[in-house]
Amino acid sequence: MDSEELSSLCASLALEEDKETLSPDLEAGLQAQGERSIDRSLVGCVLSTGPIARDAFFHMIKGVWKTKERFDVEAIGSNKFVFHFLLTADRRRVFSGGPWCFQNKLLVLEEPTGVGDYSKMSFSNTPFWIQLHNIPVFCMSKTVGSILVNMVGTVQEVECNQDGLCLGTFIRIRAIIDISKPLKRILKVRLGTDKELVTILLRYEHLPELCFHCGIIGHPLKECPGRGSLQGDNLKLKYGAWIKAPIPPSSETTLQSKRR
């Protein structure tokens, strides 16, 4: 019985119980122990249409994360896991270092809160480095980049110099996005005094398996529920390999050591 089935069973049984039945209060010490355990844990879900190889996943993730202290992995359902860390610093580094992938499948991590009810976690938000291309020169700044990417998700970091200027041919921004929705491909904005319409292209670094038909992460094109019976030339793809951005040389050495 996985966590979702267990949660549903508890909910149904609770409705049948005598309303006057009360549960004992946990001692303060036990509650504090539980809170410390939550503070050192992460919950993850590998987005895949089928079950993953758990042993291979456990082996890979322990080798990639390279934590200072050991951590334990607990399976709690179909492609869902709890990661128990000894150090909060290891937990913090892993959570802020994504996105993480296993065999081209995205691992979405969430921080448990409250009592740590796994069944209420949506696994729908994850961070990505996004590249904004076709940006006019006068817009190559941290301020403008943040305004644009806030149309896509929640900005975490902007790559720029001390003056807030973004050097190069594109703006690079790390943002948390809602992956339950199709990835944004472009932004259309009016810029300058003449309000010229500019189309800005979005490309995503370390992008895992993505359906080129619907733009949703987690299933391949051949398993897309939205394609119906469309095949070949009748199937118009809105996405392509172009949406997967190459890693800039300036960040490649640090990122490669954290991902495979």
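**Exercise 1. Find the salt bridge that Arg 172 forms with Glu 205, and work out which parts of the chain the pair ties together.**

*Solution.* 
Step 1: Recall the term: a salt bridge is a side-chain nitrogen of Lys or Arg within 4 Å of a carboxyl oxygen of Asp or Glu. The closest N and O atoms of Arg 172 and Glu 205 are 2.7 Å apart.

Step 2: Arg 172 sits in strand S8 (residues 171–178) and Glu 205 in strand S10, so the pair ties together parts that are 33 residues apart in sequence. Helices (H or I, at least four residues) and strands (E, at least two) are DSSP runs, numbered from the N terminus.

Step 3: Check the surroundings. Buried means under 20% relative accessible area, exposed over 50%, and partly exposed in between (1.4 Å probe, protein chains only). Arg 172 is buried, with a relative accessible area of 4%, and Glu 205 counts as buried at 1%.

Step 4: Look for further partners. A network of salt bridges links Glu 159, Arg 172 and Glu 205. Arg 172 also lies over the face of Trp 129, at 4.0 Å from the ring centre. A charge sits over a ring if NZ of Lys or CZ of Arg is within 6 Å of the ring centre and within 35 degrees of the ring normal.

**A note before you go on.** This is a predicted model, where local features need pLDDT of at least 70 and side-chain atom pairs count only at pLDDT 80 or more, while totals for chains, interfaces and linings use all residues. Residues are numbered from 1 along each chain as its sequence is written, and side-chain values use heavy atoms, with hydrogens and water left out.

**Exercise 2. Compare the surroundings of two other salt bridges, Arg 70 with Asp 72 and Glu 209 with Lys 105.**

*Solution.* 
Step 1: Start with the total: the whole structure holds 5 salt bridges.

Step 2: Take Arg 70 and Asp 72, whose side chains meet at 2.9 Å, N to O. Arg 70 counts as exposed at 52% relative accessibility, and Asp 72 as partly exposed at 36%.

Step 3: Take Glu 209 and Lys 105, which meet at 3.0 Å, N to O. This pair links distant parts of the chain, 104 residues apart: Glu 209 is in the loop between strand S10 (196–205) and strand S11 (244–245), and Lys 105 is in strand S5 (residues 105–110). Both Glu 209 and Lys 105 are buried.

**Exercise 3. Describe the aromatic pair of Trp 65 and Phe 85.**

*Solution.* 
Step 1: Know what to look for. A pair of aromatic rings is described by the distance of the centres and the angle of the planes. Rings of Phe, Tyr and Trp (its six-membered ring) pair if their centres lie within 6.5 Å; planes under 30 degrees apart count as stacked, over 60 as edge-to-face and the rest as tilted.

Step 2: Apply this. The structure holds 11 aromatic pairs. In the pair of Trp 65 and Phe 85, the centres are 6.1 Å apart and the planes 35° apart, which makes the pair tilted.

Step 3: Trp 65 belongs to helix H3 (residues 54–65) and Phe 85 to strand S3 (residues 80–85), 20 residues apart. Trp 65 is buried at 0% relative accessibility, and Phe 85 is buried at 4%.

Step 4: Widen the view. Ring pairs link a cluster that includes Trp 65, Phe 85, Phe 57 and Trp 100.

**Exercise 4. Decide where the buried residues of helix H5 (residues 142–149) fall around the helix.**

*Solution.* 
Step 1: List them: Gly 145, Ser 146, Leu 148 and Val 149 are the buried residues of H5.

Step 2: Look down the axis. The buried residues of H5 fall within an arc of 165°, so they line one face of the helix. The arc is that of the directions from the helix axis to the C-beta atoms.

Step 3: Turn to the other side of H5, where Thr 143 and Ile 147 are exposed.

Step 4: See what the buried residues of H5 pack against: strand S6 (125–133), strand S7 (154–158), S8, strand S9 (186–191) and S10. Contact means heavy atoms within 4.5 Å.

**Exercise 5. How confident is the predictor in each residue, in the mean for the chain and over residues 252–260?**

*Solution.* 
Step 1: pLDDT is the predictor's confidence in each residue, from 0 to 100. The chain has a mean pLDDT of 83, and 78% of its residues reach 70 or more.

Step 2: Over residues 252–260, pLDDT stays under 50, and the model has 17 contacts beyond four places in sequence for them.
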